[in-house]
Amino acid sequence: LVVACFLTIGLCSLSSEDVLSKDAGECAICLEELQQGDTIARLPCLCIYHKGQVFLGKHIKFHCIDEWFEVNRSCPEHPSD
């Protein structure tokens with residue numbers, strides 16, 4: 001069984017990272033919204049997650065996909081791929 005996640009989002013390239021050009025729903029790791037201007041990583045299956053530091057308000061920081069890959073080796077939404 002092959003599963004793929006297809007998202008239509010606007011991205012602009014920033015070296016090895018991407019920055020969202022428009023809101024794109026919820027990050028499946030932290031469950032916070034992926035908002036315009038957030039630094040994200042896009043996996044080969046096209047799923048996207050927060051990458052690096054994301055500041056919400058004044059105090060909350062997310063490193064979603066970086067922390068995920070410290071202990072996992074696959075997409076959070078497609079673990080069998």
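Where is the place of Glu-32? Glu-32 sits in the loop that runs between β2 (17-20) and β3 (39-42). The model is a predicted one.

**Overall build**

The chain holds 1 helix and 6 strands. Read from the N terminus, the order is β-β-β-β-β-β-α. The chain has 81 residues, and 35% of them are buried. Take the contacts between residues at least 6 apart in sequence: 31% of these join residues at least 24 apart.

Glu-32 counts as partly exposed because its relative accessibility is 32%. Patch members need over 30% relative accessible area, and the 32% of Glu-32 passes that cut-off.

Leu-31 is found in the loop between β2 and β3. Its relative accessibility is 52%, so Leu-31 counts as exposed. The backbone of Leu-31 also deserves a look: phi is positive, at about 70°, although the residue is not a glycine. Most residues other than glycine have a negative phi.

Leu-46 is another residue other than glycine with a positive phi, here near 80°. Leu-46 lies in the loop between β3 and β4 (48-50). With a relative accessibility of 30%, Leu-46 counts as partly exposed.

The table sets out accessibility for residues discussed in this report.

| Residue | Relative accessibility | Class |
|---|---|---|
| Leu-31 | Leu-31: 52% | exposed |
| Glu-32 | Glu-32: 32% | partly exposed |
| Leu-46 | Leu-46: 30% | partly exposed |
| Asp-66 | Asp-66: 29% | partly exposed |

**The salt bridge**

How many salt bridges does a search of the whole structure find? The search finds 1. In a salt bridge, the side chains of Lys-51 and Asp-66 meet at 2.9 Å, N to O. Lys-51 lies in the loop between β4 and β5 (54-56), while Asp-66 is in helix α1 (residues 64-71), so the pair ties together parts that are 15 residues apart in sequence. Asp-66 is partly exposed, since its relative accessible area is 29%.

Technical notes
Residues are numbered from 1 along each chain as its sequence is written. Side-chain values use heavy atoms; hydrogens and water are left out. Helices (H or I, at least four residues) and strands (E, at least two) are DSSP runs, numbered from the N terminus. Buried means under 20% relative accessible area, exposed over 50%, partly exposed in between (1.4 Å probe, protein chains only). Contact means heavy atoms within 4.5 Å. A salt bridge is a side-chain nitrogen of Lys or Arg within 4 Å of a carboxyl oxygen of Asp or Glu.
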